[in-house]
Amino acid sequence: MNGRKVGDVILDVQNISLGFGGVKALTDISFNVREHEVRAIIGPNGAGKSSMLNCINGVYQPQQGSITFRGKTFKHMNSRQVAEMGVARTFQNLALFKGMSVLDNIMSGRNLKMKCGLLAQALRWGPAEREELRHREFVEHIIDFLEIQAHRKTPVGRLPYGLQKRVDLGRALAMEPQVLLLDEPMAGMNVEEKQDMSRFILDVNDEFGATIVLIEHDMGVVMDISDRVVVLDYGKKIGDGTPDEVRANPEVIRAYLGTEH
Amino acid sequence: MGFFLETLFGGLMAGMLYALVALGFVLIFKASGVFNFAQGAMVLFAALAMARFAEWIPQWLGFQSALLANLLAFVAAALCMVVVAWLVERLALRRLVNQEGITLLMATLGIANILDSAGQLLFGSATYKIDIGMPKDPMIVLENVFQGGLLLSKEDLYAAVLAAALVTMLTLFFQKTATGRALRAVADDHQAAQSVGIPLARIWVIVWSIGGFVALVAGVIWGSKLGVQYSISLVALKAFPVVILGGLTSVPGAILGGLIIGVGEKLSEIYLGPYLGGGIENWFAYVLALAVLLVRPQGLFGDKIIDRV
Amino acid sequence: MSDSKPFLDVNGIEVIYNHVILVLKGVSLVVPEGGIVALLGGNGAGKTTTLRAVSNLLAGERGAVTKGTIELRGERIEALSPAELVRRGLVQVMEGRHCFAHLTIEENLMTGAYTRSDGKAAIAATLEKVYAYFPRLKTRRTSQAAYTSGGEQQMCAIGRALMANPSMVLLDEPSMGLAPQIVDEVFGIVKDLNDKERVTFLLAEQNTNMALRYADYGYILESGRIVMDGKASDLANNEDVKEFYLGVGGAERKSFRDVKSYKRRKRWLA
Amino acid sequence: QAAEQFIPLLVYRTGQFAPLGIPWADGKQDYLKLINARDGGVNGVKLAYEECETAYDAAKGVECYERLKGKGSGASGFDTQSTGITFAVTDKAFVDKVSVETAGYGLSQSVDGTVFEWNFPLMGTYWTATDVMLQDIAKKEKGSLKGKKIALVYHDSPYGKEPIPLLQKRAAAEGFEVQLYPVTPPGVEQKSTWLQIRQAKPDYVLFWSAGVMTPAGIREAQASGYPRDKIYGIWWAGSDHDVKDIGDGAKGYNAITLQNSAAKDKVLDDIKKFVYDKGQGTGQANGVGSIAYNRGIMISMLQVEAIRAAQEKYGKGKALTSEQVRWGFENLDLTADKLKALGFGEMMRPVKTSCANHMGNDWAKIIQWDGGKWNITSDWYQSDKTHINALVKEFAEKYAKDKNVKARTC
Amino acid sequence: MFYRENGQFKSSYSADLALFPVAQDRWAMLALAAIAFIALPMFASDYAFRAIFIPFLILSLAAIGLNILVGYCGQISLGTGAFMAVGAYAAYNLQVRIDGMPLLVALIGGGLCATVFGVLFGIPSLRIRGLYLAVATLAAQFFVDWFTNRVKWVTNDSSSGSVSVRTLQMLGFEFTTPMQKYLLCLTLVVVFGLLAKNLVRGAIGREWMAMRDMDVAAAVIGIRPVYAKLSAFAVSSFIVGVAGALWGFVHLGAWEPSAFSIDKSLQLLFMIIIGGLGSIAGSFFGAAFVVLLPLFLNYVPHWLGLSISTGTASHLEHMIFGALIVFFLIVEPHGLARLWSTARQKLRLWPFPH
Ligand SMILES: Nc1ncnc2c1ncn2[C@@H]1O[C@H](COP(=O)(O)OP(=O)(O)OP(=O)(O)O)[C@@H](O)[C@H]1O
Ligand SMILES: Nc1ncnc2c1ncn2[C@@H]1O[C@H](COP(=O)(O)OP(=O)(O)OP(=O)(O)O)[C@@H](O)[C@H]1O
Ligand SMILES: [Mg+2]
Ligand SMILES: [Mg+2]
């Protein structure tokens, strides 16, 4: 379909189970993600999609199962490690830093890459200043890319919902991730905005070569832009395959799509 | 052994009194998400009102009965607290809907300033007494079990019973009425509470009035112990570790917290103090609270702190 | 526009946040009794702000209506408190869910009935109705709201509003974060309530497709101004609307993969 | 325009210690009003004054000091009313050349005028108080304290700690035991302290308290059954308002006083006549004559007499500088006759200061609460200087060394 | 009208990163500096220095320190007084115990001790959050109150437990006049203020704010809570410690433990909230509010020629102060700094309303 080359498995989730008290959020879930692909996770509300992402980047600790990333297997992940390995994510419920400006929010995504010490920063010595500048330039590219130049200095709390989602994406992109986990990035957008967002995602995928894991409820988007789709329902995996396969899967139709889609 | 029991008992009694002040914090926090720094000032204001009305009312109306004077004064003071609650809502809280906790906290500091001074301007800044006939002399029990017997302070005992009764009443009120749920909703999210039609104004007046009432009871008890004067507002300092230990949102937590702090304080001062030069009970209370928080960050009974993405 | 008398009449309102940020620049709209009116527009157009202005929830955001009037059943309501409005049957479902985090789902729903005085039984009946609409809520009824999934919270927020037995509901992006089936259901519920109980709806919605399918009338808001309005069916057939809001410019629906340029500007703003 | 002499009045009419501060402040001001109204000032020099509220807070006190020190021809001396403020302004007074008069409080070592050129702890220090209390106890114990247990329950602050060095020194010399019980301010809760006392059973308790700590302590003593007549309160814990509301519960409680309490002296009549009857009173007329009030007028009287003395040297009828008034403080000689003439004959004993001795004579009495009023239960005691003088010397030298102050020779 | 950015185009990111990107601001700051460093020393009275400017500067510094912790990193502290006390007593001991210790070294040493102490009491923040954390800082507060009272070594065996500092000298130079002391404070405040400003607008500042706003998200983008929180505690308590040392050395000269009591802690918290959480400028506004307003209110009756009793005046003053706090919070919950920036924004648009 285009020039991207889907590579080997980069992230392999095996037999993950996660429960909270009585609630079983995930039961024995396994799936894998290949390098450079767009992998979607869909499923009805409360199926465990967000929980899955939370397990991958160490916010939740699954009770069972393991996660293999680039050949290394982890029982559970630690957020910092995950970030260092190049995994970034966006959040379903907007987890932006409310009191900070758009610019600072996105800059904070670069923090992992900034090495100057406390003292150097306090004095803004040559290297610290240069480092700040270098990263600022990178971030400005992202701001351009997401077309939020006008809001650079606005505190994110004041932005309308849709733009906040974009900033969330921007912050994740600033980490130059190899794997990008997106939790409903297009909720609360109209078609045009969704088109834009899709374009961003595909571009990130194409140009940066990032692997993308996407949760989304808009089937149009999912079916159009993803390579493979996992379907969860009540914490169980009920389908896995290309969009066309999934769309044809009767169980998926019953549990999620309904008939007409 | 006898002495240990005395200490323990003294701690429990003191703890009950702390709990009474702590209760005021908890109620207001639970119902509006405001950490009310003015609680101490409210105790002072209420106690001053009570003390002075008990003095003035017989003069105005020309009667002698101390009981009647106290009763009328109590009612008058309670009314004062309702007026305070109403003013606080009108002039401050109403305009601070949906602001962050820390902003509200500061506003209550401002209110504390106003109440402290207004109380003293209205009622005077000398020392006044509240005499509700609490027995001051000690009683000795179990003389045949321990040598010298166990010494109990009757005043403390009465106060503790009163406090316990109040606490039970309030617990029931909050659990059995539909208002309880609304109050908790307000604490979680002012705006959403408004959107479902919970009248913040009324809720706040109610809650602050109850807070004021609790402050009044605390003020009466402490005031009859210490005399009423500005310093009485400082008993609030004693309640901080209690509220936090018990959990900011829990009524039973305030009680249990109070008892734990009371006992911990006394035992530490008496058995540990001499090795450290004494005077340790104040910080020890906080260290105790801290130790508990390290295990349970939301206090003993507080609502779990929610973090989810 | 249908000729039934206006239920809600918003007349030329201006809204300013923080004393300096002018967001609505004279918005007027009319919602007829028993109607479903959709408010459409891109991110930041001012939909949420309009709804907040109507339900008088701006104060908490440090915003204020500085010009214009808002009338409900012919009565000015700018000065009424939100609680007063709810008592008059006007309820808003806030954007971004806003469930009471520490309360359980069921307690959340019950707070919705705070203003009702028609007795326990009636409230219980409404609760059952809500559970029937959203069975998922019933299974999660004892969980604290903060620990439910995004979609469950959205259902909870909608259900909570319904608990008030409203005569008019302001819905702010009800479909956000809901699975497609549930979206259908939510709109089904809207239609249902509208038909059976003559509940009036004003809904701000990004899912234009859905919104125009169910609404009678629509307004399109851009940058704080109404730029277009008309019967829902007319709007749905308008070329611009089709291209920008329905994603069906030209004849065929484009695949999201094939949309090339995201650097276009809206025509009527140029 | 006639010359005016400016007297700054640092007061605390608000805050924790207001019940003490208010009558004290009223007394200070009323006496100045009396001098102006009755005598037309000091040799014709009218007294000007300004109150400044410190709320017993050191930082605020410093601000007041800075604001008032240069007023008029220079401030005539600061009665700071607080140990903390005294600490803070003592160093500044050296530079600004303003005197600090601390009758009955302040730094105990500032008696030494060679080092503390600008401090005047007139009439007595906390060491005086400690010593006098011990004298009274010794008298009750038939002359010897040997083997006794004496507890000090104190406000845990520099103020409360002042007596400790002297107590310890005397304990070592006379063979009694000292038990220390600090109470964390404000002292609203003292249960553990008094439980400990109940267990340790000291023979006497010296009670260095302030504000709410006093009633709280006495109540707790009552509740734990410690006999009140074994308790000796410092003069700040021996005013009417401290015990009035406890009534019988405080019966037997002793306190020390620098003056004949509740004495009906002539000056009080004059104040009523020249000030209150003219509607010029600072406070309520029924407050005139209370212990704290009398303390206030005594302090103002000392202040005025210092000015009078200084005028003798630097010129009658002239407004003096702060430095000149200092000379007056250092050369006070209030004989019994003079005091009588001033209307203080009943209230206090003669005071004579000198270059080396900035305290003058220190006399104190013990009073006892009978459930309704204070009664005097002892004669005048003067402190025994054997231990005190050595301590004064030691501490003053340390201060001089720390601060690089060169001691004067007198 | 005067406050227009028209025509000021930033041509590089480094220009945009400058401390004061708008030219008018740069001029205003220069003017302010000129006033502070040149005009005031020429014209202000000793009283003004001692009672107004010196406490204002020192409290501003402390407020900056506290603002880093509370305003930027979101860790509520009610123990600022304790951190100041540690700074003050440590500096005092350095001065007393080491002969010829230069003032600046003693001050910095005080700051460093406060840092250690701050980090120690910051450790619970890794587990405890929000108001609950206040208990850890209160523990620090009451512990230090007790410690400085009880442990004689700290006060160099002063019998009463109050200490007084020797002369303030550095490299043979003695700070004696209020003006010299003022300049010392001013210099330190400017230097530390700039350093703090650099920190908060750099990477570490973003880490702090990220922790404050949404700690889970912060962890997900690779921010280590341990490092972010403890560094905030460290930097904050360092600055607060230096301020404490200055308060003791320069402003009070001699002090007792109650100089750093919980009242001071509350007062400082007050300042940063009224001034503006998460704003360096706000720290100054807040300090000004708390230092100047009471003085001002104190003078009002004089000016109006009213003769009310000191007590009444003082109560009224308190009430007005309290009322103003509430008033300003209502007008702008984010503090005076935000009010100021809103005003600036209006000025920029002037004469058009929006
Ligand atoms: N509290 C606030 N303070 C300042 N500006 C605000 C605030 N809330 C919203 N705004 C501004 O008002 C404008 C309209 O916002 P609004 O939330 O009404 O848009 P919306 O149409 O609901 O967008 P979305 O579809 O993204 O929810 C935006 O430019 C936004 O930046
Ligand atoms: N921290 C938690 N504690 C308790 N229950 C949880 C927690 N996190 C998730 N759950 C429960 O696990 C289930 C899965 O939630 P999750 O957020 O993963 O759903 P989701 O698939 O993302 O749904 P949606 O599409 O609505 O966002 C839900 O029922 C939710 O209530
Ligand atoms: Mg989800
Ligand atoms: Mg919106």
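Which strands of chain A does helix H10 (residues 250–257) of chain A lie across? In this predicted model, helix H10(A) lies across S3, S9 and S10 of chain A, and runs at about 120 degrees to S10(A).

These strands belong to an open sheet of 6 strands in chain A, which has mixed pairing and the order S6-S7-S8-S3-S9-S10. At its edges stand strand S6 (87–89) and strand S10 (236–241) of chain A, each of which pairs on one side only, and the twist from one strand to the next averages 15 degrees. Within this sheet, strand S3 (residues 38–42) and strand S8 (residues 211–215) of chain A are paired in the parallel sense over 4 bridges, and Val38(A) has Ile212(A) in S8(A) as its bridge partner. Helix H1 (residues 49–56) of chain A lies across S3, S6, S7, S8 and S9 of chain A, at about 150 degrees to S7(A).

Chain C holds an open sheet of 4 strands with antiparallel pairing, in the order S2-S1-S4-S5. Strand S2 (21–32) and strand S5 (75–76) of chain C each have a single partner strand, so one side of each is left without a neighbour in the sheet. Strand S1 (residues 6–17) of chain C pairs with S2(C) over 9 bridges in the antiparallel sense, with Pro6(C) opposite Pro32(C) in S2(C).

For chain B, an unreviewed UniProt entry lists several stretches as "transmembrane region", including residues 34–54 and 66–88. The table describes these two.

| Stretch | Helix | Strand | Distance between end C-alpha atoms |
|---|---|---|---|
| Residues 34–54 of chain B | 76% helix | 0% strand | 32 Å |
| Residues 66–88 of chain B | 100% helix | 0% strand | 32 Å |

Notes. Residues numbered from 1 in each chain as written. Chains lettered and ligands numbered in written order. Predicted model: local features only at pLDDT ≥ 70, side-chain atom pairs only at ≥ 80, totals over all residues. Heavy atoms only, no water. UniProt positions renumbered as here; feature names shortened; annotations may be inferred. Helix = DSSP H or I, 4+ residues; strand = E, 2+ residues; numbered from the N terminus. Pairing = 2+ DSSP bridges. Axes fitted to C-alpha atoms, helices over the stretch in contact; angles between N-to-C directions. Contact = heavy atoms within 4.5 Å.
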